[in-house]
Amino acid sequence: MLRLDAVRKTFNPGTANEVRALGGVTLEIAEGSFTVVIGTNGSGKSTLQGAISGAFPLDGGRISVAGHDITAWPEHRRAHLVGRVFQDPFAGTAPELTVAENLALASKRGRMRSLAPLMLGANRSQWRDLLAQIGLGLENRLDDPIGLLSGGQRQSITLLMATLTKPPLLMLDEHTAALDPRSAELVIGLTERLITQSKATTMMVTHSMQQASTLGDRLIAMHRGRVYLDVSGAEKSRLGEADLLALFTQMRRDDRFDDRACDAVRRLYA
Amino acid sequence: MSLVFATVAIGLVFAVLAFGVYLSFRVYQIPDITADGSFPLGAAVTARLLKDGYDPATATAAGAACGGLAGVVTGFIHTRFKINALLSGILVMTALYSVNLRVMGASNLPITAGTLFSPLDRAVRGMWGGEVPVLGYAVPAADVGALATAGLIAAVIAVVLILFLKTELGTAMRATGDNARMLRALGTSTDRMIVVGLGLSNALVALAGSLFCQMQGFADAQMGIGVIVFGLASVILGQTLVGNVRSVSLGVLGALMGAVLFRLLVAIAIRMGLEANDLKLITAVVVLAAIVAPGRLKDLATRRARKRGAHAPA
């Protein structure tokens with residue numbers, strides 16, 4: 001479903017700020033799976049999502065989604081295959097447009113924007129049902145500018161928008177990190193429901209060890225631009241929050257070696 | 001009364017300019033200075049084609065189309081080469097100065113042929129003769145005809161623009177200015193939206209230039225100076241008039257009202273002894289004040305409230 005083949009990305013190459021964000025990541029994600037990605041700060045987990053969504057060109061490697069090699073596709077062309085929710089709860093919706101207009105734009109995901117009136121043939125009753133499902137009373141606010149809503153409400157609507165046309169791949173980039181605990185819980189609940197409904201293959205980056213241990217059927221830990229740990233199935237479900245914290249301690253210890261020392265030690269012992 | 005008719009007619013022509021600036025400034029948040037070049041470009045192309053014997057409708061449409069092209073160039077420079085939008089506009093505006101001189105062949109080109117204003121002008125003359133009685137005043141037929149034509153064109157464009165902004169494409173354009181990242185995530189190239197939007201904006205600006213030169217009977221290389229500031233003044237004034245920044249219909253109507261009102265204020269000020277040469281200075285000051293004042297007033301109110309010991313709103 002999703003294939004990454006030796007994907008490399010270095011930001012600001014040749015400068016003092018050089019960051020090797022992805023150092024040859026190879027990954028295959030099965031259709032219908034729910035992968036949780038964790039990692040230390042700067043480990044490349046967000047860069048991984050950026051690479052898949054096309055936020056920047058790669059230095060090397062290939063990416064394919066649902067059989068399409070999308071490596072050279074610009075960001076907007078990938079949208080019909082990839083639904084996205086960002087960390088910033090305000091990044092996924094256009095504040096000056098109404099809730100209905102935002103949903104209408106999302107319902108035409110990846111299609112040419114025509115000269116037909118946007119609201120012509122808008123499926124308002126379907127949207128109302130979807131909004132009611134969130135449980136925040138949003139079903140009566142279709143014609144309010146979305147900028148009037150709270151972060152949690154807007155993030156919930158962004159989730160609806162990301163799954164509305166059922167793109168095969170759903171990417172969530174720490175989408176509850178900026179929300180208060182109650183909203184975060186609500187959004188996570190909605191996330192699980194929508195993933196079940198849309199059957200999207202999901203990749204979720206998170207900082208929450210609780211989410212990482214309870215959600216998903218596969219766990220990937222990124223470290224220094226590489227996949228550090230990759231477990232799935234029963235092995236994944238055995239991992240508790242404490243195990244994941246221990247994993248982080250281990251990764252931080254690993255941090256103390258520079259690349260060359262690391263490679264030398266690895267060659268000796270591994 | 002004659003002054004009112006003539007002034008409102010010019011105001012309505014400048015409303016078309018304000019629509020263009022509304023698109024670039026309010027929808028995209030780009031103060032697109034290309035307008036200072038595309039306004040006279042529309043005039044130059046129209047004057048040239050009229051002189052070469054083309055009919056007014058073709059000459060006007062061609063003027064608007066050339067302006068649109070200029071906007072597309074600005075949008076292309078901005079999005080393709082990642083050059084600051086203002087700088088892209090300055091480059092195109094400067095280049096257009098030479099283009100306009102080339103098109104006209106001189107720095108000033110009079111229009112002697114019939115214009116887009118002629119049919120209604122003739123109709124008014126046919127009905128009332130040289131002067132039209134309005135509320136007891138005798139108004140020259142030319143001013144009445146000009147007002148009718150300008151009003152008709154401004155109204156049609158306002159309606160079309162409002163409808164357009166509610167289409168899929170128009171809404172996508174609004175979303176581009178509002179949250180470009182979201183629109184890309186939804187599968188639309190925001191670069192393309194900006195190129196098309198600036199093209200459309202400058203087509204409207206050039207159309208205003210074309211109408212303006214037909215109204216006053218000549219095109220001039222200098223006629224674009226400060227056009228963008230006038231457009232901004234109209235849009236900002238209109239925004240205060242309608243009070244609602246989110247509604248598209250009100251925004252467009254506000255731009256129209258702002259342009260007419262501003263023109264009227266200018267006419268009154270000149271009547272009262274303002275030097276016409278000082279006009280651009282005053283327009284610039286008005287725009288600055290209109291942008292700065294709302295925030296300042298709020299600060300002041302907060303500070304005063306605090307002084308009185310009340311809790312200032314966060």
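1. Before looking at the sheet, a word on terms: two strands pair if DSSP finds at least two bridges between them. Helices (H or I, at least four residues) and strands (E, at least two) are DSSP runs, numbered from the N terminus. With that in hand, A:L169 stands opposite A:T201 in β8(A). The strands β7 (residues 169–173) and β8 (residues 201–205) of chain A run in the parallel sense and pair over 5 bridges.

2. Some housekeeping. This is a predicted model, where local features need pLDDT of at least 70 and side-chain atom pairs count only at pLDDT 80 or more, while totals for chains, interfaces and linings use all residues. Residues are numbered from 1 along each chain as its sequence is written, and chains are lettered from A and ligands numbered from 1 in the order in which they are written.

3. Back to that sheet in chain A. It is open, with 6 strands in the order β6-β7-β8-β3-β9-β10 and mixed pairing. The edges are β6 (82–85) and β10 (226–232) of chain A; each has a single partner strand, so one side of each is left without a neighbour in the sheet. On average, neighbouring strands are turned by 15° against each other, direction ignored.

4. Now the helices on the sheet. α4(A) packs on it and touches β6 and β7 of chain A, its direction making about 175° with that of β6(A). Angles here run from 0 to 180 degrees between N-to-C directions, and axes are lines fitted to C-alpha atoms, for helices over the stretch in contact. Helix α8 (residues 241–255) of chain A also packs on the sheet, touching β3 (34–39), β9 (218–223) and β10 of chain A, at about 25° to the direction of β9(A).

5. How do α4 (residues 151–163) and α5 (residues 181–198) of chain A sit against each other? Their axes are 10 Å apart and the packing angle is about 10°, so the two helices are roughly parallel (angles under 35 degrees count as that). Among the residues that meet are A:L159 from α4(A) and A:L190 from α5(A); contact requires C-beta atoms, placed from the backbone, within 7 Å. The residues of this contact divide into 5 nonpolar, 8 polar and no charged.

6. Buried means 20 or more other C-beta atoms within 10 Å of the residue's own, exposed means 12 or fewer, and partly exposed is in between, with C-beta atoms placed from the backbone. The buried residues of α2(A), including A:E101 and A:N102, pack against α3 (124–134) and α4 of chain A together with α7 (168–178) of chain B.

7. The contact between the chains takes 26 residues from chain A and 19 residues from chain B. On the chain B side, α7(B) gives the most, with 7 residues. By class, that side has 6 nonpolar, 6 polar and 7 charged residues.

8. A last item in chain B: B:G130 lies in the loop between α5 (118–128) and β2 (131–134) of chain B. B:G130 is exposed, with 10 other C-beta atoms within 10 Å. B:P140 is 10 residues from B:G130 in sequence and 6.1 Å away in space, C-alpha to C-alpha.

Notes: Angles under 35 degrees count as roughly parallel, over 145 as roughly antiparallel, 65 to 115 as roughly perpendicular and the rest as oblique. Two residues are in contact if their C-beta atoms, placed from the backbone, lie within 7 Å. Ala, Val, Leu, Ile, Met, Phe, Trp, Tyr, Cys and Pro count as nonpolar, Asp, Glu, Lys and Arg as charged, and the others, Gly among them, as polar.
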